[in-house]
Amino acid sequence: MEIERRSLIVDDAPEAELVVETRASGREAIRGLAIPYNRLSVDLGGFRERIMPGAFDKILSRQRGKQEIVSYFNHDANWLLGREAAGTLEIISEERGISYIVEPPDTQAGRDVLALVRSKNLRGSSFAFTVAQRGGERFTNDENGKAIREVVEASGLYEMGPVVTPAYSSTSVAVAMRSYEAWLASQSTEPAAQADSSR
């Protein structure tokens, strides 16, 4: 199962902008909304995507204590900011989506990331996930006939953290694109099948 990556464009979702807060321990942390529910993505190549409420509920409850989530800067493992097992990353499931709070280490890299968030040079978040093979997604059309991929159930959540340029890249949507193409193919064969059955 291939991992998909998505980034949230803050200009389209102001509530997802990263903030620095001081925790009870006195340490600074970064808070961000990584996975907003019910929000349409940018065009991913002929279709848009929407994460449905509760899509990550089952996998989060199954992953607890078994497969931890980590936080990287720019998806780079060399820039590890926090992890659940160390108590430096907290994943929060909310009505609006999935948020995170990460306490970067007191290293030059950690201080740099905090400074970038404070200055608003670093604003958005990204996450890495997989979709359940059966029943994990569905396609529909909006009022203008444009295709929408709805992620109904995730099968894995691996990483979330701040990124410099939150934007979808063509490689990050390869899995979704294959699903979209399969859905398009099924749409073109349905009328023919219905015509055959009416004879």
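The protein chain here has three helices and 12 strands, and keep in mind that the model is predicted. Of its 199 residues, 43% are buried. As for how the chain folds back on itself, take the contacts between residues at least 6 apart in sequence: 69% of them join residues at least 24 apart.

Three strands form an open sheet in the order 4-11-10, and the pairing is mixed. Strand 4 and strand 10 sit at the edges, each pairing on one side only. From one strand to the next, the twist averages 25 degrees.

Here are the strands with their residue ranges:

| Strand | Residues |
|---|---|
| Strand 4 | 47–51 |
| Strand 10 | 137–141 |
| Strand 11 | 147–151 |

Strands 4 and 11 run parallel and are joined by five bridges. Within that pairing, F47 stands opposite A147 of strand 11.

Is G45 buried or partly exposed? Its relative accessibility is 41%, so G45 counts as partly exposed, since buried would mean under 20% and exposed over 50%. Setting aside neighbours within four places in sequence, G45 is in contact with M177 and Y180. The G45 and Y180 pair spans 135 residues of sequence, yet their C-alpha atoms are 9.4 Å apart in space.

Conventions
Residues numbered from 1 in each chain as written. Predicted model: local features only at pLDDT ≥ 70, side-chain atom pairs only at ≥ 80, totals over all residues. Heavy atoms only, no water. Helix = DSSP H or I, 4+ residues; strand = E, 2+ residues; numbered from the N terminus. Buried < 20%, exposed > 50% of the residue type's maximum accessible area, 1.4 Å probe, protein only. Contact = heavy atoms within 4.5 Å. Pairing = 2+ DSSP bridges. Axes fitted to C-alpha atoms, helices over the stretch in contact; angles between N-to-C directions.
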